[in-house]
Amino acid sequence: MDGNYTVLARKYRSQDFQSLIGQDVLVKTLTTAINTGRIAHAYIFTGIRGTGKTSTARILAKALNCLSSDGPTAAPCGKCENCRAIAAGQHIDVLEIDAASHTGVDNMREILDAAQYRPTNGRYKVYIIDEVHMLSSSAFNALLKTLEEPPAHVIFILATTEIRKVPVTILSRCQRFDLVRVPVETLKKHFAWIAEQEKVELADAANELLARAADGSVRDGLSLLDQAIAQTGGHVDEAAVMDMLKRADRGVVVDFMQTILSGNVSAALARADEIYTNGADLSMLLTDMMEWTHWATRMHPVLRAGNNDSAPYTADQRERINEINKHVSLNTLSRLWQVMVASVSEMAAATNQKQCFDMLIIRMMHIADMPSVSDILKQSERPTPAPGVATPATPKPNTIKINSAADLADALSNAREMMLYSYFTKNIEVTTIANNKISYFDRGGDADFQKKLIVWLNTKTGANWKLEKIQESHQDKTVREQIQTEAESDPMVADAMSLFEGAEIVGISKQ
């Protein structure tokens, strides 16, 4: 078994604080605490996968139990019996527990009962509980008291990727450390060093792709590097990594986005077919398109966002993005981003991703063509003619003439303003209408009626109206009452009502 291949993620796992990359604050805090003797009884490490939570826990366990010094040391030797046993996961006093498979209260009780006994070979008994958020509520409750006041020889180290699922009562008893995503540049240096140790040719462009695909996780990046080496036989170039990741070249993405923004639907769909035929993963392509939109927005001259040299594009690609930005508004980029974000879940749930992606392209192109609100407002404004230039004739608006209450009621009905029509015909007694002025009494007392009606009148007639609300009724009839009176005086209606005792008119429909 000793001849079996060891994957890079295990072979180059950090064995001391100096080799723990990308976690400078954590390293400085823990080394200072150890050197000054301020060692806490419980720690909790949180962060995304592959940032060094378990590795840090093992290094801390070695620092506490290393035999190269008379006490805990921030620089464990890695050679003594305790260090080697902890690195191999075989030390009797350092127990690594997977909370996912030891979720119950009985498992926790066994651990806590064993914690009362002093360590056999080391200075401290160290309990490393990985994925601690998987413990049940009863297991957490059983852990509380011992975690707050453990025996002097016991150190608890908890690790989790889901810190929000850990009860506050547990968090308050631990020193918390948040392990950050490892920066791309740090990962690139680390991968280049490993490639040198492994005698592997790793192209800089391929290294860049691997580091960005790792998304801040050292383990994910090393797994991808391992796969790339196995695929290429030790000559890892950009094309091989892109093929492995099923990812389109960023130059291809820039071309594709330029085609989309050009408005040529058939060309965009043809380009999408070509990229898909070449084996690109459409979900990854959507991610790359979102990345492009994000950086194009940051690089847009309207924002003046400052230095964008960290953008993952070559100098000529950045220049092309700047050229595209000269013809694309910030509103358009924002709308494209919103459409793409909404499509991520659609792509994940789609049974046919290609169909979903084609519809996404069409949606993006139509939304990109839509004018912004500011453009619509500008188009609605009349331009001021230059001196000496004749103003082009504009068609007169279709205005209506209102000389009576009945005219106003008809105009409201024809305009489908049914709320105003209903209130006006039922509650308003019109005293006079003349010269764009209405005097009226309001039986209903609606404070907003006057405001709504005057806005409508000014818009529809092209004139400035004045509405005078009088305080006392002159016993004028409303429009509805006038229509009903006219109907009752009609001989045919009178004959019809005489046929039925107690008949009354409840409504009149005008045809």
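Predicted model: local features only at pLDDT ≥ 70, side-chain atom pairs only at ≥ 80, totals over all residues.
Reader: Okay. Is Lys199 buried or exposed?

Author: Lys199 counts as exposed, because its relative accessibility is 76%.

Reader: And how far is Lys199 from Gly234, in sequence and in space?

Author: They are 35 residues apart in sequence, and the C-alpha to C-alpha distance is 7.8 Å.

Reader: Let's zoom out. How many helices and strands does the protein chain have?

Author: The secondary structure comes to 23 helices and 10 strands. The chain has 511 residues, and 42% of them count as buried.

Reader: Sheets next. What's the strand order in the five-strand one?

Author: The order is β2-β3-β4-β1-β5, in an open sheet with parallel pairing. β2 (94-98) and β5 (175-178) stand at the edges with a single partner strand each, so one side of each has no neighbour in the sheet. From one strand to the next, the twist averages 15°.

Reader: How many bridges pair β1 with β5?

Author: Four, in the parallel sense, with β1 spanning residues 42-46. Within that pairing, Tyr43 has Gln175 in β5 as its bridge partner.

Reader: Which strands does helix α5 lie across?

Author: α5 (residues 105-115) lies across β2, β3 (125-130) and β4 (154-160), and runs at about 165° to β3.

Reader: Now the three-strand sheet. What's the order, and what's the pairing?

Author: That one is open too, ordered β8-β9-β10, and the pairing is mixed. The edges are β8 and β10 (466-469); each has a single partner strand, so one side of each is left without a neighbour in the sheet. Its twist averages 20° from one strand to the next.

Reader: Which way do β8 and β9 run, parallel or antiparallel?

Author: Antiparallel, joined by six bridges.

Reader: Switching to α19. Which of its residues are buried?

Author: In α19 (residues 405-414), the buried ones are Ala405, Leu408, Ala409, Ala411 and Leu412. They cover an arc of only 160° around the axis, so they sit on the same side of α19.

Reader: Why would residues three or four places apart point the same way?

Author: Because an α-helix has 3.6 residues a turn.

Reader: Got it. What do the buried residues of α19 pack against?

Author: Their partners are α20 (418-427), β8 (428-434), β9 (437-442), α21 (449-461) and α22 (479-488). Just after the helix, Arg416 takes a positive phi of about 60°.

Reader: Which residues are buried in α20?

Author: Leu420, Tyr423, Phe424, Thr425 and Asn427 are buried there. The cover over them includes α19, β8, β9, α21 and α22.

Reader: Which backbone oxygen lies 2.7 Å from a polar atom of the His300 side chain?

Author: The one from Val328. Not counting residues up to four places away in sequence, His300 touches Asn325, Val328, Ser329, Leu330 and Leu333.

Reader: Last one, Asn82. Buried or exposed?

Author: Buried, with a relative accessible area of 3%. Asn82 is found in helix α4 (residues 81-87). Leaving aside neighbours within four places in sequence, Asn82 is in contact with Asn65, Leu67, His91, Asn121 and Gly122.

How values were computed
Residues numbered from 1 in each chain as written. Heavy atoms only, no water. Buried < 20%, exposed > 50% of the residue type's maximum accessible area, 1.4 Å probe, protein only. Helix = DSSP H or I, 4+ residues; strand = E, 2+ residues; numbered from the N terminus. Arc of directions from axis to C-beta. Contact = heavy atoms within 4.5 Å. Polar contact = N/O pair within 3.5 Å; in protein donor to acceptor, adjacent residues only side chain to side chain. Pairing = 2+ DSSP bridges. Axes fitted to C-alpha atoms, helices over the stretch in contact; angles between N-to-C directions.
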